[in-house]
Structure formats: structure tokens, C-alpha cells
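Keep the viewer open while you read.

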Amino acid sequence: MNSETIIINKQTWDEEAERFFGRNPLPEYGPLAPTEEDIMLFDHIQGKKVLDIGCGSGHSLLYMHNKGADELWGLDFSKTQIHTAEKVLSNCPSVQLFEAPMEANPGLPENYFDIAYSIYAIGWTTNLQQTIMNIHSYLKPGGAFIFSWEHPLYNRVKQAGTELLFQHSYHEEGFYDHEAWKRPAIMQQIKLSTYINTLIDNGFIIEKVIEEVRMSEADVEKHQNRWYSDKKAKSIPTTLIIKCRKSN
């Protein structure tokens, strides 16, 4: 666990959280990406114990509550985000929120959850191996883990007029300061194969890998002139979505 990076990112999120209030929660998986209504990755949510890794403002957990989840658990390293989530989920019973990085277990039970998920948060990890090990330990045998994150090709390529130019090698993994942020935002560049192999090595069975884009008129208008654009998304997927399951 890279403590220095976590401290930097935590400070950024504590100060920038308001700007991302309710941004792209479930049923959305990310900008210009298919929604849960499109791809139907979650099993029956009614009566299930669910865990949100990088729960942010709590809106994805609120979605789970509205779908009938029995217990709502969330983990986020930002104090501001946890306080916001507490307000968003104030009318929901059986809510447990923890202020902690995903690389550490702050007291979450093992072999307990039916579903764990992470919506556009996994790339903030400073140690993918430890994070995946933790998530595997939290799930019951047969429990599902679903996550989305910026596609590892997307930030490697730059839009230059009508051309797409590689500005970084896809093979380069490691920490980088994301240029779309105003404050330091140190994320992990991780290849698709590394995600998949890390999941497999830690006892997960891959069920679905999704790289499609969704570019309705509303989607395109929402993300026009931002880091995510329809021009670039026509050639490079914005979002990677993976569903896997803890082996029995």
C-alpha cells in the first residue's frame, strides 16, 4: 500500500467531492458506457448483502436499497464522501460505512457478502493485488464482484483534430497523475490482461468482460467537450466493465 499516494488522493477527494456529487452512479457504469438496464449484470438484489468499494456519495448504494438489498455496506477513503453518503442514505436501514482505503480491511466481515461492486473507483487502488484479495475474502463462495473503470486504452490515446495519436505506450503500467483533474489525482494504469489475471489468480471466475460504448443523443450531449467525448469513443472504449464470481 502506497501511503503517500493515498494521502494525496484522499486530500484531493475531500476537496473535490462536491463536484462529483451523484456523478455516474448505478445504474450507470461510467461515461458513454452501457447501463445496468442495458447489460443486466447483477443477480437478484432483493434481500442480498451488498458491499460498495469506493462508495463515494452513496448514490449507488441508494440504487441497491431501491432494488431491495437487505444490507448496505460501503468503503471510501474520503471523509467528505463518507459524510455525504451518510446523508444520502439517512433513510435507509442497515447501512454500514467505513472511511478507509480499499487496500485495507477496516473491519469488514469475511465470507459475508452476496455482491461486491465498484463503480469507477478501482483504478484509485495503490495495490491491485491486495485490493482483489480483500474483495475475495469479503464475498461468500459464489458471490459476485462487478466493477467498472476507465478503459486502459482511453488515456493512452489523445484526440488531435480528426486523428487519434498514441501519447503513451499501452504496455506501461504504474502510477500516473490524471491530466483531466485540476488537483493531483494519482491513479493506476493497469492493462486489461493484468485485471483479468489478478482476478483469476485470486480465485475469481470471469463471467463477462464489456468494452462497448453507449452513445445516445443524451449521452453525447452530457459528455460533450469533456475528457470523455463521442468523437474519441467511436474508436476507443471509455469504460471497462468486468463481472466475476468467487469460486465455490
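Predicted model: local features only at pLDDT ≥ 70, side-chain atom pairs only at ≥ 80, totals over all residues.

Residues are numbered from 1 along each chain as its sequence is written, and side-chain values use heavy atoms, with hydrogens and water left out.

Seven strands form an open sheet in the order 3-2-1-4-5-11-10, with mixed pairing. Strands (E, at least two residues) and helices (H or I, at least four) are DSSP runs numbered from the N terminus, and two strands pair if DSSP finds at least two bridges between them. Strand 3 (95-99) and strand 10 (204-210) each have a single partner strand, so one side of each has no neighbour in the sheet. From one strand to the next, the twist averages 15 degrees. Strand 5 (residues 139-150) and strand 11 (residues 239-246) run antiparallel and are joined by 7 bridges; Ser148 stands opposite Ile241 in strand 11.

**Helices on the sheet.** Helix 3 (residues 59-66) lies across strands 1, 2, 3 and 4, at about 170 degrees to strand 2. Helix 4 (residues 79-88) lies across strand 2 and strand 3, at about 170 degrees to strand 3. Those angles run from 0 to 180 degrees between N-to-C directions, with axes fitted to C-alpha atoms, for helices over the stretch in contact; contact means heavy atoms within 4.5 Å. In helix 3, His59, Ser60, Leu61, Tyr63 and Met64 are buried (under 20% relative accessible area; exposed is over 50%, partly exposed in between, with a 1.4 Å probe and protein chains only).

Which side chain of opposite charge is nearest to Asp52? That's Lys67, 15 Å away, and the buried Asp52 has no salt bridge (a side-chain nitrogen of Lys or Arg within 4 Å of a carboxyl oxygen of Asp or Glu). Asp52 lies in strand 1, and its contacts beyond four places in sequence include Ser60, Leu61, Trp73 and Tyr117.

The Leu26 to Pro27 peptide bond is cis, with omega near 10 degrees.

| Residue | Phi | Relative accessibility |
|---|---|---|
| Met40 | near 50 degrees | 62%, exposed |
| Ser94 | about 55 degrees | 45%, partly exposed |

Met40 sits in the loop between helix 2 and strand 1, Ser94 in the one between helix 4 and strand 3.

How values were computed. Lys, Arg positive; Asp, Glu negative; His and termini not counted.
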